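Hi,

Here's the structure I promised to pass along. Have a look, and my notes on what turned up follow right below.

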Amino acid sequence: MKFAFIIDPIQKLDPGHDTSVAFMEAAQQLGHEVWITQAESLSVVNGQAWALLQRVQLTPVQLVDGRWLITLPWFELGETVFQVLESMDAVFMRTDPPVTIPYLYATYILDYINPEKTLVINSPRGIRAANEKMYALQFTEAIPETIVTPDKLVIREFVDKKGAAVLKPLGGKAGEGILFLEGGDRNFNSLIELSTLQGRIPVMVQEYLPAAKEGDKRIILLNGEPIGAVNRVPTGKEFRGNMAVGGQAVATEISDRELQICAQVAPVLKQDGLIFVGLDVIGGYLTEVNVTSPTGVREIDRLSGTQLGYQVIQWIEQHSKK
């Protein structure tokens, strides 16, 4: 089979951390062709999606004494070819957020891949529908009390009611721009003004969950089924657990409450064509649904002895359109 991965520049990826690399390695080791491209290399010609593609050969990482050992150089690129994406069995849209206008344009181009011929993961329509903060709001039984607003007075009232809250930019990633809010903070007004661009952009404000000190759990779902999880525990004085800001990855299990959340979310994910998804759960509450380029596979494999990349590629083998 042939797999195409739309990724950020491969030179910037970390083979010991990035889930995209885990997928590419698994596809290669299962005997498939691996091709890469970038969002800015996509085109529509004669009503079909095309891309400038490069074949890539990877030197897989090795798990040694609980750490991923990387052999340099870890990839080798072939010549660039301009090829219709329907020649691929599967196309992974794995460009990191934020979902900017160029990002949206790339998803529009991917709409011109015939889904009867090639599987796109995740569905471009699903990606557009699922803002990673807003999408969770529909699961009212699973989320903590949450508001979305650009209004400083509404935010002030909510924080005063709750005592403390967490503010999240709707387009952020990897914990960027997340703020801990307390009504007594003398910088409160300035923080809101900066985050909302003086009341022009809405932000999400969630009640603060004290369980955040115990970790922010990432649960990986494949076609709605949970296949692994990792807990990201804040370290030092940082209240965020995201690995990008220094959170420690810790082995964990999926609780009964979290399985209930997965079961609640799964039918909607399937309906929207969101095959590979990362749920963020704190203290038994769903806080985010990650659909653009969810990560965590390397950490889960390292801590739990799994091979999630293989599970994903084998699922695609079974559900190939060709």
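Helix α4 passes α5 in a right-handed crossing (right-handed if the near helix is turned clockwise from the far one by less than a right angle, left-handed if anticlockwise). The axes of α4 (residues 152-162) and α5 (residues 188-195) come within 10 Å and cross at roughly 130 degrees, which makes α4 oblique to α5 (under 35 degrees is roughly parallel, over 145 roughly antiparallel, 65 to 115 roughly perpendicular, the rest oblique). Axes are lines fitted to C-alpha atoms, for helices over the stretch in contact, with angles from 0 to 180 degrees between N-to-C directions. On the α4 side the contact (heavy atoms within 4.5 Å) uses K152, I155, R156 and V159, and on the α5 side F188, N189, I192 and E193.

It's a predicted model, by the way: local features need pLDDT of at least 70, side-chain atom pairs count only at pLDDT 80 or more, and totals for chains, interfaces and linings use all residues. Residues are numbered from 1 along each chain as its sequence is written, and side-chain values use heavy atoms, leaving out hydrogens and water.

There's also an open four-stranded sheet, ordered β10-β13-β11-β12 with antiparallel pairing (strands pair if DSSP finds at least two bridges between them). Its edge strands are β10 (146-149) and β12 (179-182), and the twist averages 30 degrees from one strand to the next. α5 packs on this sheet, touching β11, β12 and β13.

Last one: R298 sits in helix α7 (residues 297-304). R298 counts as buried because its relative accessibility is 4% (buried is under 20% relative accessible area, exposed over 50%, partly exposed in between, with a 1.4 Å probe and protein chains only).

Cheers

Conventions:
Helix = DSSP H or I, 4+ residues; strand = E, 2+ residues; numbered from the N terminus.
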